[in-house]
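Please open the model in a viewer and keep the selection panel at hand.

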Amino acid sequence: MRGEYKVPGGKLVAVDVEAEDGRIASAAVSGDFFLEPDEALEDINGAIVGLSATSSADQIAHAITGALPAGVQLIGFTPAAVGIAVRRALGHATGWDDHTFDVIGPVTMDPAMHVALDEVITKEVAEGTRPPTLRFWDWDSPLVVIGSFQSYRNEIDPEGAARHGIDVVRRVSGGGAMFMEPGNCITYSLSVPSSLVEGLSFEQSYAFLDDWVMTALADVGIKARYVPLNDIASDKGKIAGAAQKRYASGAVLHHVTMAYDIDADKMLEVLRIGREKMSDKGTKSANKRVDPMRSQTGLPRDVIIERFVASFTAHHATREAGYTEEELARARELMDGKFLTDAWTHRVP
């Protein structure tokens, strides 16, 4: 059995294993990484042999770390990366190539519907009634989407929100507020089975699930990097933030919002954020626009989204998809019964 894991920003780790009577009987690690001294590869293989075939990625990594002599250098990979590859080889975890993804292009609707669809689609992925899905948002009205654990009163200036006619919805994932007006940012959601991030810490899973968009950003002329825990930045500053929700039922929601062309003055009137945080979003003055995707690519927003879709489909097995009437009906029910209620929106006062 063979498993592979590409370290975000690092090298590919592959492992061929055989299991007998619930134990790993043989293991051969390979890849395009660097290792000094060469003989340490035998120590890594030896540490894996004999382990339980149900060992976690952390347990495998711990065994490898304990078997390596002092002074060994692993370059471009880690014991944890080997552990993840072993888990994939044994069928406990999956990789990108194990799935065919539904890709749903932008559909304009109430932005609160997209918040609800995140929950609907991800639960379907957990149930196995929909394959892993990448979908892009588009919306017809302004909205602030706050993180699951943010304080409403600390984040929102109610007078500013009322003055500009901007509603507030709380999403299911953590992270910070999203200031959304039609056409001002690029948002996508990735709903995947938990097996795809099995063995990864939260920080590792952010980097892993953001990895495809680094290639997509390069395709539109932006050299980007992952900034722990949940940001994406170029050499000119932050361009995007990610948020994630893991469902016990067996799926992960990972979504990203990229600033395309945001009215910074209006945002400051609606959100209680300081100038220091504004500088983190790519502008040093509230009188400037937060526009890294527009200014750094010179491309219209819809063209960037088209390029992103093309990049994802070029590197993964995909099929073009859309929303079913049942999904939209469930999302409307969730929107009205949960996401637009005061009880949910103000659950953290």
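Begin by selecting Pro37, which lies in the loop between strand S4 (34–36) and helix H1 (40–48). Helices (H or I, at least four residues) and strands (E, at least two) are DSSP runs, numbered from the N terminus. The peptide bond joining Glu36 and Pro37 is cis, with omega about -5°.

The model is a predicted one, in which local features need pLDDT of at least 70 and side-chain atom pairs count only at pLDDT 80 or more, while totals for chains, interfaces and linings use all residues. Residues are numbered from 1 along each chain as its sequence is written, and side-chain values use heavy atoms, with hydrogens and water left out.

Next, colour the chain by pLDDT, the predictor's confidence in each residue, from 0 to 100. The mean pLDDT of the protein chain is 93, and 96% of its residues reach 70 or more. Over residues 281–287, however, the pLDDT is below 50; beyond near neighbours in sequence, this stretch has twelve contacts (heavy atoms within 4.5 Å) in the model. Where pLDDT is low, the predicted coordinates should not be read in detail.

Move to Leu229, in the loop between strand S12 (225–227) and strand S13 (231–234). A cis peptide bond leads from Pro228 to Leu229, with omega near 0°. Most residues other than glycine have a negative phi, and most peptide bonds are trans.

Asp21 is the next selection, in the loop between strand S2 (12–20) and strand S3 (23–31). Phi of Asp21 is positive, near 50°, in a residue other than glycine. Is Asp21 buried or exposed? Asp21 is exposed, with a relative accessible area of 82%; buried means under 20% relative accessible area, exposed over 50%, and partly exposed in between (1.4 Å probe, protein chains only).

Now select helix H3 (residues 79–89), where ten of the eleven residues are buried. Among them are Pro79, Ile84 and Arg88. Val82 in H3 is buried, with a relative accessible area of 1%. Not counting residues up to four places away in sequence, Val82 touches Val13, Val29, Ile44, Ile48, Ile64 and Phe77. After H3 comes Gly91, with a positive phi near 85°.

Show H4 (residues 111–127) and H12 (residues 325–339) together: they pack at an angle of about 120°, with their axes 8 Å apart. Axes are lines fitted to C-alpha atoms, for helices over the stretch in contact, and angles run from 0 to 180 degrees between N-to-C directions. H4 is therefore oblique to H12; angles under 35 degrees count as roughly parallel, over 145 as roughly antiparallel, 65 to 115 as roughly perpendicular and the rest as oblique. The residues of this contact divide into twelve nonpolar, no polar and six charged. Ala, Val, Leu, Ile, Met, Phe, Trp, Tyr, Cys and Pro count as nonpolar, Asp, Glu, Lys and Arg as charged, and the others, Gly among them, as polar.

Finally, select Asp291, in the loop between helix H9 (275–280) and helix H10 (292–297). Asp291 is buried, with a relative accessible area of 15%. Its contacts, not counting residues up to four places away in sequence, are Ala259, Tyr260, Asp261 and Gln296.
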